Each structure stands twice: as structure tokens, then as C-alpha cells.
Amino acid sequence: MQGNNSFRYVIRIIAGVYLLYLAWNLMGGLRSGETSGFVFIIGIAVFIIAGVFFILDALRNMRREALDSRAESLEDQTPSEENDEEPLSEDTTPDDDVVTKKEDEP
């Protein structure tokens, strides 16, 4: 599923860059005098805000997924605490009861 999300974020970044490109072209039209009006200024502002939001939101989500996947991989590498067995000791001397029983038998 992460591959699908990465593709979505790349598409959002491309859309944000395109909106910034459109805003730049509208500003060029305003500067050259081809277009004028309050509507174009509002359009430029909306395109800039939307473009920056798309880019920053996609980058933030990509970073969050990368950190989450890194944390999951670290959790997979650490040994689990579910194994409550005591480690075997190197001292394997027999119990006293077993030794005495063998000595008592003829």
C-alpha cells in the first residue's frame, strides 16, 4: 500500500508545481498588461496557496510514512520480550536427591 501512497504524493507535488506555474504565468500577464483586474489577482493568490499546500502536505506525509516504516523495521529487528524462558546455565551438576537415590540402591 505504501507504493500507492507514494505515487499519490508525487501526483500531488506535480499538481502543486503546475499550480505555481499557472500563477507565475498569470503574474506575467499582469506585468505585461495583457490582463488586468481584481479577479486575476485573486486567482494568482488562490493558485499560489493551493500549490504550496499540495507540495508541503505531500512532502510531510511522505516523510511521516518513511519514519513510520523505519520505526516498524526497527521493531522487527529487536528481540521480542515474549520469550520468558530462563537461559540454560553452564553449571549442570545433578541434583542432590538424584545422587542420593542412586547411592541407596543396591
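Me: What does contact mean here, and what share of the contacts with a separation of 6 or more comes from residues 24 or more positions apart?
Reply: Contact means heavy atoms within 4.5 Å. The model is a predicted one. Among contacts in the protein with a separation of 6 or more, the share from residues 24 or more positions apart is 71%.

Me: How many helices and strands does the protein have, and what pattern does it follow along the sequence?
Reply: The protein has 3 helices and 0 strands. Read along the sequence, the pattern is α-α-α.

Me: How far apart are the end C-alpha atoms of H2, and what span should its 40 residues have?
Reply: Helix H2 covers residues 38-77. At 1.5 Å a residue, its 40 residues should span 58 Å. The distance between the end C-alpha atoms agrees with that, at 59 Å.

Me: Is glycine 16 buried or exposed, and which residues is it in contact with beyond its neighbours within four places in sequence?
Reply: Glycine 16 sits in helix H1. Its relative accessibility is 0%, so it counts as buried. The C-alpha atoms of glycine 16 and alanine 50 are separated by 6.9 Å, although these residues are 34 residues apart along the chain. Leaving aside neighbours within four places in sequence, the contacts of glycine 16 are Gly51, Phe54 and Ile55.

Me: Which residues of H2 are buried?
Reply: Buried residues make up 13% of the 106 residues in the protein. Those in H2 are Gly43, Ile44, Gly51, Ile55, Asp57, Ala58, Asn61 and Glu65.

Me: Why does the salt bridge of arginine 12 and aspartate 57 tie together parts that are apart in sequence, and how many residues apart are they?
Reply: The side chains of arginine 12 and aspartate 57 meet in a salt bridge, 2.7 Å from N to O. Arginine 12 lies in helix H1 and aspartate 57 in helix H2, so the pair ties together parts whose separation in sequence is 45 residues.

Me: Are arginine 12 and aspartate 57 buried or partly exposed?
Reply: Buried means under 20% relative accessible area. Arginine 12 has a relative accessible area of 32%, so it is partly exposed. Aspartate 57 has 10% relative accessibility and therefore counts as buried.

Me: What kind of aromatic pair do phenylalanine 53 and phenylalanine 54 form?
Reply: A search of the whole structure finds 2 aromatic pairs. Phenylalanine 53 and phenylalanine 54 form a pair with 6.3 Å centre to centre and 50 degrees between the planes. Planes under 30 degrees apart count as stacked and over 60 as edge-to-face, so this pair is tilted.

Conventions
Residues numbered from 1 in each chain as written. Predicted model: local features only at pLDDT ≥ 70, side-chain atom pairs only at ≥ 80, totals over all residues. Heavy atoms only, no water. Helix = DSSP H or I, 4+ residues; strand = E, 2+ residues; numbered from the N terminus. Buried < 20%, exposed > 50% of the residue type's maximum accessible area, 1.4 Å probe, protein only. Expected span 1.5 Å × (residues − 1). Phe/Tyr/Trp six-rings, centres within 6.5 Å; stacked < 30°, edge-to-face > 60°. Salt bridge = Lys/Arg side-chain N within 4 Å of Asp/Glu carboxyl O.
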